Amino acid sequence: MMRQRFGGRVQKLSIDAAMVCPNRDARGGRGGCTFCLNEAFSPSYCRGVKSLCEQIDEGLRFHLSRGRSADYYVAYLQAGTNTNASVDRLRKLYAEVLDHPRISGLIIGTRPDAVSSEKLDMLADFSTKKYVAVEYGVESTSDATLSHVNRGHSFDDARWAIGATRERGIDVGAHFILGLPNERPEQLIEQTDKINELDINYIKFHQLQIFRSTPMAEEWALHPERFMFGAEGFSASSYVDLLVAILRRLAPTISLDRLFALAPRHLTLHSPLGGLRPDILKNMLVSRMLSGGFVQGDLYNY
Ligand code: SF4
């Protein structure tokens, strides 16, 4: 999607504004999502007390030193809740990023309950000058699941935030975790119909990963039967089958941004896909789709 939009090779540069998540905030948060280990999402060049511009410069050097040159660089505020501050503070932060001469756009990761009409209006202003997208952690369409993992928002919150963002002409991505407690493959396939009703430009799925020292690690130890990835017979191959079923039902207009995750091994307590690398899983998926003659959306309900 990004290549089409920009007309060239695009490289995302992760940066970290160290913005507190309202769900984890010691002053009034609700303790955080039970799966949360925020450090799993920040590359090393983001850590510390560097300014956003310093992080961008370091990220550019990091990618260039690995031979990853691109035509366009898009800054990515991934870790934390990057709309959780006053409009004035956010405006300064986003301007710092978007004024950088090598940066062509900004993707802002956040929670559906951490945006407001005022904040979205401000983003719409920026989006008239450079590319802006908002990426919402939706995680599940089931309110029972969202409540179980202490997410602190409902699916309706996600519906509102996505609609209000798209109304202003801003691109939207949505993130879903597959395999949260008590969710089963049939339910995850069925939720695709609700996802199709959201006006999103792109989607990220990834398998549940259980991180050390999280409340979910405790739940996993006490109740492995709640996790579909704990079930006997559920394997990398079953996950690929699940993705095939979801993709066949997913609207063909939604771009796929990500389908697998691989967090650092030292942080992960349980890696349900046997630690297989995303590229190997992707090859399995592509070959399953091709051999079945399937394409994204061939079962989409028009
Ligand atoms: S919203 Fe994100 S940062 Fe906040 S507690 Fe949940 S996973 Fe962690």
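## How two helices meet

Let's start with handedness: helices H3 and H4 cross in a right-handed way. Keep in mind as you look that this is a predicted model.

On the H3 side, the contact is made by Val87, Leu90, Arg91, Tyr94 and Leu98. H4 brings Glu118, Lys119, Met122 and Phe126 to the contact. Sort the residues of this contact by type and you get six nonpolar and three charged, with no polar ones.

Now for the geometry. H3 covers residues 87–98 and H4 covers residues 117–127. Their axes come within 11 Å and cross at roughly 20°. Angles under 35 degrees count as roughly parallel, so H3 is roughly parallel to H4.

## The sheet

Over to the strands. In general, the strands of a sheet pair through backbone hydrogen bonds, and the pairing can be parallel or antiparallel. Here, seven strands make an open sheet with parallel pairing. Reading across, the order is E1-E2-E3-E4-E5-E6-E8.

At the edges you'll find E1 (10–15) and E8 (255–258), each of which pairs on one side only. Ignoring direction, neighbouring strands in this sheet are turned by 25° against each other on average.

Technical notes
Residues numbered from 1 in each chain as written. Predicted model: local features only at pLDDT ≥ 70, side-chain atom pairs only at ≥ 80, totals over all residues. Axes fitted to C-alpha atoms, helices over the stretch in contact; angles between N-to-C directions. Helix = DSSP H or I, 4+ residues; strand = E, 2+ residues; numbered from the N terminus. Parallel < 35°, antiparallel > 145°, perpendicular 65-115°, else oblique. Left-handed = near helix turned anticlockwise from the far one by under 90°. Contact = placed C-beta atoms within 7 Å. Nonpolar A, V, L, I, M, F, W, Y, C, P; charged D, E, K, R; others polar. Pairing = 2+ DSSP bridges.
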